[in-house]
Amino acid sequence: MANHPTHGADSEVGRLQTVMLHRPGDELKRLTPRNNDKLLFDGIPWVARAQEEHDAFADALRGRDVEVLYLTELLTETLEQEPARNHAITTALSGLHLGDTMRTYLAHALRDATPAELTAYLTAGIRNDEVRGGHGLVTSLLHEHDFLIDPLPNLLFTRDSSVWVRDRVAVTSLAMPARRRETQLTELIYTEHPRFVGTRKIHGWHHEHVEGGDVLLLAPGVIAVGVGERTTPAGVERLARQVFHARLAHTVLAVPIAQERATMHLDTVATMVDVDKIVMYPNVADSLRAYAVTAPDPDQAEDTLTLHVADAEPFLVAAAKAMEIDTLHQIDTGLDPVTAEREQWDDGNNTLAIAPRVAVAYERNDGTNDRLEEAGIEVVRIAGSELGSGRGGPRCMSCPVAREPLPSEA
Ligand SMILES: NC(=O)NCCC[C@H](N)C(=O)O
């Protein structure tokens, strides 16, 4: 068995040991001006440059001793096993748009594919005009550029399709149709890949919507969850019951955020950069509120576990109370509202902490980065002109698989 750190994370800032990334690939080449909105991209990225930017991101992490796992490599290794292949093929072909003739043809074709080819089909999808057999009404009447298996350009944002909470991994339930299939892949990896076999899982794609970008591990035992365009109140209730019952947390803070694209996840407006410091979009800082959810008796049956929901309080107040610290310091970028809005849109607040007071950020957001440095945060700046066209920053593009626990006197 390979020597790797114990999987899991109990904070946003403990030294990052292992991270799962997805190097953008052929799935980005599927984006056109006709489908980019539906596929949740704001433009058509230059793929080769996006790959260069992503490689530099991965190198910056490796340069800080972070082990980088690639989602597609894990998937290909997973697909070397027959039962995993069959499962992946069956789920990928479950869409009713295929019909039995095409489904049967594709099932045979995919069974003949190598694990690497199958990974490519599952991530970049299959277009009608790329298929030579299975002729029937589906082939004839769908447009030649329609997808039989949809591509997954948002795999780039590995943050959203799974999240580790202590030693368990939550397979999430993605809200947008363009992303739903991503969690079938993460679930398969965490279930069947030899490195992860035996990992205990919570949540799942069949449950109420929760996306990883909304889940912030503020401190051991304290989880903030954004409620907005992607994560539903019912999703937070479900997650809270699971983490309380499994003793993974004592408080969940439900944090309403505007249901719009600019603030699709909590991590688009706020990310932790130290044990008691958070960088926050100034235009929402004053209005952000949180409902502290606790469980009077976590021993109750999980599904019916009684939740106590406190009245809403200012987010920073509720967070500090739950974290048992005097103050959760907001790094006030002090930017004028228009600059702040521009930098928030370009993921200025979406930093990835790789240790306390060390964070990766897009270089373009000068104002926010300068303020972070003035506050004592080392900013590892990366390019993201192409990567950012999917509206996600360094935190969105990373799923921490192992972080060092924080020293008790951090
Ligand atoms: N955590 C994040 O904020 N992830 C960014 C996801 C961007 C992606 N294009 C989406 O709309 O879901």
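1. Ground rules: two residues are in contact if their C-beta atoms, placed from the backbone, lie within 7 Å. Helices (H or I, at least four residues) and strands (E, at least two) are DSSP runs, numbered from the N terminus. This is a predicted model, with local features needing pLDDT of at least 70 and side-chain atom pairs counting only at pLDDT 80 or more, while totals for chains, interfaces and linings use all residues. Residues are numbered from 1 along each chain as its sequence is written.

2. On to α2 and α7. Leu-74, Leu-75 and Thr-78 of α2 touch Leu-185, Leu-188, Ile-189 and Glu-192 of α7. That contact splits into 5 nonpolar, 1 polar and 1 charged residue (Ala, Val, Leu, Ile, Met, Phe, Trp, Tyr, Cys and Pro count as nonpolar, Asp, Glu, Lys and Arg as charged, and the others, Gly among them, as polar). The axes are 9 Å apart and the packing angle is about 60°; axes here are lines fitted to C-alpha atoms, for helices over the stretch in contact, and angles run from 0 to 180 degrees between N-to-C directions. The two helices are therefore oblique to each other (angles under 35 degrees count as roughly parallel, over 145 as roughly antiparallel, 65 to 115 as roughly perpendicular and the rest as oblique). α2 passes α7 in a left-handed crossing, meaning the near helix is turned anticlockwise from the far one by less than a right angle; clockwise would be right-handed.

3. Helix α7 (residues 182-192) also packs with α3 (residues 82-92), at about 165° and with the axes 11 Å apart. That makes α3 roughly antiparallel to α7. Here the crossing is right-handed. On the α3 side you'll find Ala-84, His-87, Ala-88 and Thr-91, facing Gln-184, Leu-188 and Glu-192 in α7. By class, the contact comes out at 3 nonpolar, 3 polar and 1 charged.

4. Now a sheet: 3 strands in the order β2-β1-β20, open and with mixed pairing. Two strands pair if DSSP finds at least two bridges between them. The edges are β2 (67-70) and β20 (399-403), each with a single partner strand, so one side of each has no neighbour in the sheet. Twist from one strand to the next averages 20°. β1 (residues 16-21) runs parallel to β2, joined by 4 bridges, and Val-19 has Val-68 as its bridge partner in β2. Helix α2 (residues 71-78) lies across β1 and β2, at about 60° to β2.

5. The other open sheet to look at runs β17-β18-β19, again with mixed pairing. Its edge strands, β17 (352-355) and β19 (378-382), each pair on one side only, and the twist averages 30° from one strand to the next. Parallel strands β18 (residues 358-362) and β19 share 5 bridges, with Ala-359 opposite Val-379. Helix α1 (residues 47-62) packs on this sheet, touching β17, β18 and β19, and its direction makes about 150° with that of β19. Helix α12 (residues 366-374) lies across β18 and β19, at about 155° to β19.

6. Check the hairpin of β5 and β6 too: there are 2 residues between the strands, and Arg-166 takes a positive phi near 50°. The strands, β5 (residues 162-165) and β6 (residues 168-171), are antiparallel over 4 bridges.
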